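Please keep the sequence and the model in view while reading.

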Amino acid sequence: MEPRIFAGPPAAGGPESLADHAARLGLVPRGSAAEATIPVIEASGLLGRGGAGFPVGRKWRSVAGQAGGAPAVLVNGAEGEPLSSKDRTLMRLRPHLVLDGALLAADAVGADRIAIYVGSAHRDARDSIERALVERRDIRLPVQLFAAPATYVAGEESAAVHFVNAADARPTVTPPRPYERGIDGRPTLVQNVESLANAALIARFGDAWYRGVGRSSTPGSALVTVSGSDRDGVREIEIGTPIGELAEVAGAGRDPRDRQAVLLGGYFGGWVSAERGWGLPLDPVELRDAGSAFGAGVVAFLGHDRCGVRATARIMDYMAGQSAAQCGPCVFGLRAIADATAGLANGTAARDDLARIERWSQQLAGRGACRHPDGAVGQLLSSLRVFGSEWEIHQRRRTCSREGFRSFAVPVVREKVA
Ligand SMILES: Cc1cc2nc3c(=O)[nH]c(=O)nc-3n(C[C@H](O)[C@H](O)[C@H](O)COP(=O)(O)O)c2cc1C
Ligand code: SF4
């Protein structure tokens with residue numbers, strides 16, 4: 001597939017300037033009314049790229065139709081997921097595409113304010129957006145840049161709104177959801193940066209153009225962050241590309257036997273064995289139907305020299321540490337599960353810890369104000385299925401079957417376009 005988001009100058013050239021962007025793509029139509037834009041975005045079938053895969057056009061229509069004052073747009077570039085770097089790469093290389101999408105969305109929903117929320121650790125992305133805003137002197141509505149705290153939950157939509165309102169990036173109780181009452185109490189469109197960049201292209205080239213690629217039921221292309229391969233980095237793929245094909249291109253092996261498993265969707269996602277995963281399409285809808293997750297496009301391969309139990313324990317420890325410490329079940333439940341999981345991983349578990357973490361995980365789901373605990377235990381439960389025999393060995397023999405294992409790579413920034 002020809003690149004779409006990353007069409008244009010090579011990544012090595014750095015951020016695309018406004019002059020180059022406008023010469024290559026022309027200016028995105030401004031001032032378009034909702035009636036003109038929203039049906040095209042709806043017809044494109046574009047799904048949100050922040051993790052939940054919600055239809056973008058439907059969200060725009062819903063925000064545009066809310067009472068309660070002029071809406072606001074919150075551009076979500078927090079990217080707290082440790083295994084993802086596609087959002088910061090996009091903001092760094094194609095800042096004007098992201099701004100085009102934000103302006104288009106603001107016009108479509110009738111917003112009079114834009115908040116751009118970029119992970120505070122992603123300095124290059126932030127600098128690039130800041131420079132791009134200086135270049136865009138024609139923007140007539142207020143646009144403010146916010147540095148999202150470097151935590152996992154800071155990118156959750158109610159946490160992002162709370163940060164803009166009160167400098168506190170902890171999720172708030174919903175309802176009301178941000179689309180009903182968000183920034184300054186007004187209806188707020190929270191949209192991931194990749195979703196907005198795609199919308200900016202659809203506004204130029206049309207919904208049929210967008211649907212012109214895609215190999216499965218979901219149309220279009222998507223950015224993915226690949227790790228655990230020989231050529232790690234951010235890639236643009238046709239939605240529906242089989243994982244095995246991506247593995248081959250990225251140098252993770254042609255044969256499923258070359259890898260042990262794949263973590264899809266990130267720390268919030270789920271494991272699949274390489275044997276099953278190689279044939280699965282990278283498609284948010286089909287992966288959900290198959291009991292897995294596309295999430296924010298993380299594809300992390302696990303080699304045979306690594307232990308799935310230890311990889312999972314490290315993720316659970318990280319996720320327990322990232323609880324926003326507001327809801328008892330999340331604060332205490334996740335920590336208890338993470339500690340028991342760590343015991344299993346390092347050979348100090350009590351006799352029934354394996355059964356216990358499974359039971360606790362099932363009890364924890366749905367008990368927090370946000371989906372943080374659900375995502376964490378979903379990942380753990382998928383690990384119990386995929387690495388079942390390894391978990392048994394850790395429980396019964398208190399050892400790891402993989403000599404000289406190396407643990408799973410936790411926070412590694414892979415910003416390069418592969
Ligand atoms: C714990 C948690 C963390 C999240 N982090 C992010 C994030 O860093 N970036 C993002 O775009 N969406 C994140 N989301 C999803 C947002 O809540 C929201 O669904 C998304 O920004 C909407 O944009 P989209 O429809 O374009 O995907 C997170 C969700 C949860 C539950
Ligand atoms: S569920 Fe956890 S992360 Fe979410 S709001 Fe409650 S304490 Fe915070």
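The protein is divided into domain 1 (11–211), domain 2 (221–302) and domain 3 (308–396), with bounds that come from an automatic or database domain assignment. This is a predicted model, in which local features need pLDDT of at least 70 and side-chain atom pairs count only at pLDDT 80 or more, while totals for chains, interfaces and linings use all residues. Residues are numbered from 1 along each chain as its sequence is written, and chains are lettered from A and ligands numbered from 1 in the order in which they are written.

**Domain 1 and domain 2**

- The centres of domain 1 and domain 2, taken over C-alpha atoms, are separated by 26 Å.
- Contact (C-beta atoms, placed from the backbone, within 7 Å) joins 14 residues of domain 1 to 16 residues of domain 2.
- On the side of domain 1 that touches domain 2, α4 gives the most, with 3 residues; helices here are DSSP runs of H or I, at least four residues, numbered from the N terminus.

**Helix α4**

- Because 8 of the 8 residues of α4 (residues 86–93) are buried, this helix is largely enclosed by the rest of the structure; a residue is buried if 20 or more other C-beta atoms, placed from the backbone, lie within 10 Å of its own.
- Among the buried residues of α4 are K86, D87, R88 and R92.

**Helix α16**

- In α16, 11 of the 15 residues are buried, which leaves the helix mostly covered.
- The cover over the buried residues of α16 includes β7 (261–264), β8 (270–273), α13 (308–321), α14 (328–346) and α15 (353–364), where strands are DSSP runs of E, at least two residues.

Terms used:
Buried ≥ 20, exposed ≤ 12 C-beta atoms within 10 Å, placed from the backbone. Contact = placed C-beta atoms within 7 Å.
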